[in-house]
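Please look over the sequence and the model shown below before reading on.

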Amino acid sequence: MSIINNRLSKEQYDQNFSDIHPPFETKDAALVEANRCLYCYDAPCTKSCPTGINVPKFIKQIASDNVKGSAHTIFSSNIMGAGCSKVCPVEKLCEGACVFNLMEEEAIPIAKLQRYSTEKAMANKWQLFERKPYPSLENGGRKKVAIVGAGPAGLSCAHVLSREGIDVTIYEKEAKGGGLMTYGIAAYKVTPQFCEDEVNYILSIGGIAIKYNQELGKDISLDGLQKNYDAVYLGIGVGLARQLNIPGEAVAGVEDAITFIYDIREKGYDKVAVGDNVAVIGMGMTAIDAATQAKRLGANEVTLVYRRTENEKPCTQEELDIAKMDGCKIIWLAAPKEVISEAGKVKQLVCSKMKLGEPDASGRRSPVDTGETFSLDVDMVIKAAGQMPFETLVKNNNIENKSGKISIGKNSETNIKGVFAGGDCVNGGKEVVDAVQHGKDGAMAILSYLNIN
Ligand code: SF4
C-alpha cells in the first residue's frame with residue numbers, strides 16, 4: 001500500500017469540502033427563524049455563551065431588520081463572532097441551552113442567525129466601533145501594548161484595547177493571523193479566505209499592527225517587549241503535538257493532525273498525501289477534523305482509535321456523527337502500542353485493548369491496559385492525541401506555570417508585573433470562544449493596570 005494524493009477530481013474535492021453548515025438561502029428564511037425566538041428574560045442561551053453575547057437582543061434586531069445593530073451586539077461581546085458562528089460547538093453551548101429543547105422542539109438556529117448578521121457586516125465592511133481618542137497627557141498620554149500571538153485571544157485583546165485608544169502591536173510567529181482558526185480547523189468549517197477576511201475585519205478599526213514571522217524567544221524577547229511597551233499580553237497558544245512515545249513512531253506515514261490539517265488548508269486538497277487505510281489516534285475535535293478530511297480526500301478506510309469509551313469522548317456528539325456519516329470507523333478502548341513498517345513505510349498499527357479503571361485528575365475514568373493486543377493494516381497514522389504547551393519557552397522566561405500552562409491571577413496577570421496572558425497557553429486548549437473571552441478579560445486587566453477607564 002502506498003500513500004497516494006490527487007485521487008479525486010476538482011469537482012469532487014469542492015463538493016467534499018463545501019460548507020458543512022450553509023447559510024440561510026433567503027432573508028425570509030432568517031426572519032422566520034428569528035421570529036420563532038421567545039426573547040427569554042435571563043436567557044439561558046446568553047448564559048451558556050462564554051463571551052456572553054446578548055442572544056435575544058441580536059435575534060430581535062434581525063427580526064426587526066436591523067442587521068447592522070445585530071452585528072454590533074454580537075461583535076461587542078465577541079469580535080470573532082463570525083468565525084465562532086461556524087466553529088463553536090453550539091449544541092453544548094447556546095443552542096444546547098435554548099428553551100425550545102425543553103419543549104422537545106427544534107432549538108433556535110442561533111449560530112446560523114449569528115452568521116447571517118456577521119457575514120453581512122464583514123461583506124459590507126461595516127465599521128461598527130470607534131476608537132476613543134488617546135488619553136490626555138495628564139492621564140498618562142498615549143499607551144502602547146505588545147501582544148504575542150495573533151490568535152483568537154490576542155486579536156480579541158487587541159480589539160478591546162484599540163477601542164480604548166491604545167496602540168497595539170501584535171507579534172505573530174506564523175505568516176498569517178487567526179491562530180487555530182486559520183491553521184487548525186477543517187476546511188469545510190472555515191475556509192482560509194474567510195479566516196483572512198476575519199482578521200482584516202478586526203484590524204480595520206485601526207491602531208493594531210501585526211508583525212508576522214516574529215517568534216518569541218527567537219526574533220523577539222519578553223525583556224525587549226517589556227522595555228518598549230507599557231504592558232505585554234501573551235496569547236501564544238499551544239503548539240507542539242503530543243507524541244505517542246511508541247516504537248516506530250518516526251517512520252514515514254506517521255503524521256501529526258495539526259500538520260495534516262494545516263497542509264490541506266495551505267497547499268490545497270490535491271497536494272496533500274493521504275493513505276488508503278488511515279488510523280487516527282484521538283477523539284477530540286482535531287482528531288475528528290483529521291479523520292473526516294482524510295476520508296474526504298479519498299482515503300478508502302479511516303479508523304478512529306480512542307483509549308476510553310464513547311461516554312468519555314472529548315468531541316461533541318455532533319462531531320462524532322459527522323465522522324460516522326463520512327464513513328469513519330471507530331474503535332473504542334484501544335491505545336496505540338507500536339507502528340510496524342516495511343521498507344520505511346507504515347504497514348500496521350498494533351494497539352493494546354484497554355478497559356476503564358479509576359477516574360483520573362480530570363474526573364474521567366482512566367484507561368487500563370488489558371495486556372491483549374490487535375493490529376490494524378494501515379498505511380498512514382495521524383496523531384491527534386492533543387497538543388503540548390510551550391513549556392521550555394515559558395520556563396526560559398521565568399513565567400510561573402503548571403507543566404508549561406501559564407499560571408495567571410484573577411486579573412489575568414502572570415507572576416511578572418505588567419505581563420498578562422490568556423487563551424490556550426493558559427487553559428491548555430479549549431474552544432475559540434473561550435480564548436476570545438480570555439482576550440477580553442486580559443484587555444480589561446491591562447486597562448486597569450494602565451489606569452485607563
Ligand atoms: Fe431565543 Fe432560545 Fe435564547 Fe430563549 S433560549 S432567547 S428562545 S434562542
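## Cavities

The structure holds two cavities of 30 Å³ or more, a cavity being a set of points on a 1 Å grid over the protein atoms alone where a 1.4 Å probe fits but cannot get out, with lining residues having an atom within 4 Å of a point. Grid points are joined across faces, edges and corners, and a volume is the space filled by probe spheres set on the points. This is a predicted model, in which local features need pLDDT of at least 70 and side-chain atom pairs count only at pLDDT 80 or more, while totals for chains, interfaces and linings use all residues. Residues are numbered from 1 along each chain as its sequence is written, and side-chain values use heavy atoms, with hydrogens and water left out.

## The largest cavity

The largest cavity has a volume of about 140 Å³, and of the 17 residues that line it, Cys-49, Ile-53, Cys-88, Cys-94 and Gln-114 lie nearest its centre. Helix H6 (81-87) and helix H8 (110-123) each supply at least two residues of this lining, with the largest share, three residues, coming from H8; helices (H or I, at least four residues) and strands (E, at least two) are DSSP runs, numbered from the N terminus.

By class, the lining of the largest cavity divides into twelve nonpolar, five polar and no charged residues, where Ala, Val, Leu, Ile, Met, Phe, Trp, Tyr, Cys and Pro count as nonpolar, Asp, Glu, Lys and Arg as charged, and the others, Gly among them, as polar.

## The second largest cavity

About 100 Å³ of space lies in the second largest cavity, whose lining of 15 residues has Cys-37, Cys-40, Cys-45, Cys-98 and Ile-108 nearest the centre. The lining of this cavity has 15 nonpolar residues and neither polar nor charged ones. Helix H3 (44-47) and helix H4 (55-63) each contribute at least two residues to it, and H4 gives the largest share, three residues.

Five strands form an open sheet in the order E6-E13-E7-E8-E9, with parallel pairing, two strands being paired if DSSP finds at least two bridges between them. Strand E6 (254-256) and strand E9 (329-331) stand at the edges with a single partner strand each, so one side of each is left without a neighbour in the sheet. Strand E8 (residues 301-305) pairs with E9 in the parallel sense over three bridges, and Thr-303 has Lys-329 in E9 as its bridge partner.

Notes. On a 1 Å grid over the protein atoms alone, a cavity is a set of points where a 1.4 Å probe fits but cannot get out, and a pocket is an open set with protein on both sides within 12 Å along at least five of seven lines; lining residues have an atom within 4 Å of a point.
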